[in-house]
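Please look over the sequence and the structure shown below before reading on.

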Amino acid sequence: MKINNKIKDYYLNYSKNILWKKKPKKSVIFDYKGNRHQWFQDGILSPYENLIDNNIKKNLNNKTAIITVSKNKLIQEFSYSEIDARVNRLINHFFNGYKKKKLKVMIQASASIESAILMLA
């Protein structure tokens with residue numbers, strides 16, 4: 001077995017530890033000329049399910065999920081429940097405003113709790 005196949009098999013096997021919306025059948029497509037390898041191209045991830053929902057199901061609702069430190073050194077902690085509520089508010093805002101339209105949305109946000117919420121939504 002070639003080394004590339006061993007690597008592909010290893011990562012495909014390891015991917016079973018992740019929650020997928022659509023499980024991948026391929027782990028990596030190597031492109032040595034362009035140095036742009038494509039990972040799990042045929043799979044669809046759900047960061048929200050992996051990072052938030054999974055921990056809520058483990059009863060970690062009130063545990064700290066994210067700690068932020070602002071420029072003026074203000075430290076804030078956000079629990080899994082708080083992150084869940086914020087993500088759901090944002091999703092509901094998008095769906096209520098654009099129910100029948102299929103839009104792709106691009107959002108610019110600074111490094112903040114809001115940008116983390118946007119990425120999970």
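## Overall dimensions

The protein chain has a radius of gyration of 18 Å, whereas a compact globule of 121 residues would have one near 14 Å; the radius is taken over C-alpha atoms, and the globule rule is 2.2 Å times the number of residues to the power 0.38. Along its principal axes, the C-alpha trace spans about 50 × 35 × 30 Å.

The protein chain exposes about 10100 Å², of which carbon and sulfur atoms supply 53%; accessible areas come from the Shrake-Rupley method with a 1.4 Å probe, and for residues only the protein chains shown count as cover. Buried residues make up 21% of the 121 residues, where buried means under 20% relative accessible area, exposed means over 50%, and partly exposed lies in between (1.4 Å probe, protein chains only). Among the contacts in the protein chain with a separation of 6 or more, 40% come from residues 24 or more positions apart, a contact being heavy atoms within 4.5 Å.

## Basis and confidence of the model

This is a predicted model, in which local features need pLDDT of at least 70 and side-chain atom pairs count only at pLDDT 80 or more, while totals for chains, interfaces and linings use all residues. Residues are numbered from 1 along each chain as its sequence is written, and side-chain values use heavy atoms, with hydrogens and water left out.

The mean pLDDT of the protein chain is 83, with 91% of its residues at 70 or more; pLDDT is the predictor's confidence in each residue, from 0 to 100. Confidence in the protein chain is highest in strand E6 (residues 75-79), at a mean of 94, and lowest in H4, at 80. Where pLDDT is low, the predicted coordinates should not be read in detail.

## Secondary structure and the nonpolar core

The protein chain holds 4 helices and 6 strands, which follow the pattern α-β-β-β-β-α-β-β-α-α along the sequence. Helices (H or I, at least four residues) and strands (E, at least two) are DSSP runs, numbered from the N terminus.

Which residues make up the largest nonpolar core? This core has 11 residues, namely Tyr48, Ile52, Ile56, Phe78, Tyr80, Ile83, Val87, Leu90, Ile113, Ile117 and Leu120. Helix H2 (47-57), helix H3 (80-97) and helix H4 (113-120) each supply at least two residues of the core, and H3 gives the most, with 4 residues. A nonpolar core is here a set of buried Ala, Val, Leu, Ile, Met, Phe, Trp, Tyr and Cys residues joined through side-chain atoms within 4.5 Å.

## Residues in and around the core

Leu90 is found in helix H3 and is buried, with a relative accessible area of 18%. Leaving aside neighbours within four places in sequence, Leu90 is in contact with Ile117, Leu118 and Ala121, and with the same exclusion Ile56 is in contact with Asn61, Tyr80 and Asp84.

Thr68, in strand E5 (residues 64-69), counts as buried at 17% relative accessibility. Not counting residues up to four places away in sequence, Thr68 touches Leu74, Ile75, Gln76, Phe78 and Ile113; of these, Phe78 and Ile113 are listed in the core.

A search of the whole structure finds 5 aromatic pairs. The rings of Tyr10 and Tyr11 have their centres 5.0 Å apart and their planes at 80 degrees, so this pair is edge-to-face; rings of Phe, Tyr and Trp (its six-membered ring) pair if their centres lie within 6.5 Å, and planes under 30 degrees apart count as stacked, over 60 as edge-to-face and the rest as tilted. Tyr10, Tyr11, Tyr14, Trp20, Trp39 and Phe40 form one aromatic cluster.

Leu12 lies in helix H1 (residues 3-14) and is partly exposed, at 25% relative accessible area. Beyond residues up to four places away in sequence, Leu12 touches Pro24, Lys25, Lys26, Ser27 and Phe40.

## Two loop residues with positive phi

Most residues other than glycine have a negative phi. Phe40, in the loop between strand E3 (38-39) and strand E4 (44-45), has a positive phi of about 50 degrees although it is not a glycine, and Phe40 counts as buried at 18% relative accessibility. Lys73, in the loop between E5 and E6, has a positive phi of about 65 degrees, but Lys73 is exposed, with a relative accessible area of 67%.
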